[in-house]
Amino acid sequence: ANLVAIAMVREMGAIMTGVIMSGRTGAAFAAELGSMKVSEEISALRTFAIPPYDFLVTPRMMAMVLMMPLLVLYSNLLGILGGGVVAIGMGLTPLQYGTQAIQSLDLGELANSMMKSVVFGAIVGFTGCLRGMQSGNSAEAVGRATTSAVVTAITWIIVADAIFAVLFNIFGL
């Protein structure tokens, strides 16, 4: 119970959610913005003096940054509950598992997980929007931009997690 709860909250919940969201939402952002560029909708916004970054990118970024902590909380909860199902199948009682899982965690662990989730959300939103806005003016370019958004986001999530690990180690968190 301790291992499952700590592993989910410290690392697995945020990383798994970040990777899934980069593959799903980051790719959708890149594809949607790339398609808008191909159909010259972004040029039309500029013609009407509407800044495309303010109108298209900012809401997507805010949505990712605000929703990722909730998704990571959900991921952590389901991961711990999934570990409980396995533990109960191995002979632990639900009360034993729940008590051990709750005792092994503290608010600091949860705060660190939420901090990671905000950063990972910003990475997914930023890379998806950046690659979509940088897309070329063809269907092939939109596909390449979408793939690039996913790969870039996953790479930066891993780099950010490594930086968090070093910082948490230095500061004893």
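This is a predicted model: local features need pLDDT of at least 70, side-chain atom pairs count only at pLDDT 80 or more; totals for chains, interfaces and linings use all residues.
**Overall architecture**

The protein contains six helices and zero strands, giving the pattern α-α-α-α-α-α along the sequence. Its C-alpha atoms occupy a box of roughly 65 × 35 × 25 Å along the principal axes. Of the 173 residues, 39% are buried.

**Salt bridges**

Side chains of opposite charge can pair when their charged atoms come close.

| Salt bridge | Closest N and O atoms |
|---|---|
| R10 with E109 | 2.8 Å |
| K116 with E11 | 3.1 Å |
| R144 with E140 | 3.5 Å |

R10 forms a salt bridge with E109. Because R10 lies in helix α1 (residues 2-38) and E109 in helix α5, this pair ties together parts that are 99 residues apart in sequence. R10 is partly exposed, at 43% relative accessibility, whereas E109 is buried, at 12%.

K116 forms a salt bridge with E11, and this pair likewise links distant parts of the chain, with K116 in helix α5 and E11 in helix α1, 105 residues apart. K116 has a relative accessibility of 1% and therefore counts as buried, the limit being under 20%. E11 is partly exposed, with a relative accessible area of 29%. Both residues also belong to a network of salt bridges that links E11, K116 and D161.

The pair R144 and E140 lies within helix α6, its members being four residues apart, or about one turn of the helix. E140 is exposed, with a relative accessible area of 57%.

**Nonpolar surface patch**

A nonpolar patch on the surface is formed by W156, V159, I163, V166, L167, I170, F171 and L173, which together have about 820 Å² of accessible area. V166 is found in helix α6 (residues 139-171), and W156 lies in helix α6. V166 is partly exposed, at 47% relative accessibility; W156 is partly exposed, with a relative accessible area of 48%.

**Largest pocket**

The largest pocket holds about 300 Å³ of space. Its lining comprises 16 residues, of which L77, I80, A101, I102 and L105 lie nearest the centre. Two or more lining residues come from each of α3 (52-89), α4 (94-104) and α5 (107-133), and α3 gives the most, with seven residues. By class, the lining has twelve nonpolar, three polar and one charged residues.

Key: Residues are numbered from 1 along each chain as its sequence is written. Side-chain values use heavy atoms; hydrogens and water are left out. Patches are made of residues with over 30% relative accessible area and no salt bridge: like charges are joined within 9 Å, nonpolar side chains (Val, Leu, Ile, Met, Phe, Trp, Tyr) within 5 Å. Accessible areas come from the Shrake-Rupley method with a 1.4 Å probe; for residues, only the protein chains shown count as cover. A salt bridge is a side-chain nitrogen of Lys or Arg within 4 Å of a carboxyl oxygen of Asp or Glu. Buried means under 20% relative accessible area, exposed over 50%, partly exposed in between (1.4 Å probe, protein chains only). On a 1 Å grid over the protein atoms alone, a cavity is a set of points where a 1.4 Å probe fits but cannot get out, and a pocket is an open set with protein on both sides within 12 Å along at least five of seven lines; lining residues have an atom within 4 Å of a point. Grid points are joined across faces, edges and corners, and a volume is the space filled by probe spheres set on the points. Ala, Val, Leu, Ile, Met, Phe, Trp, Tyr, Cys and Pro count as nonpolar, Asp, Glu, Lys and Arg as charged, and the others, Gly among them, as polar.
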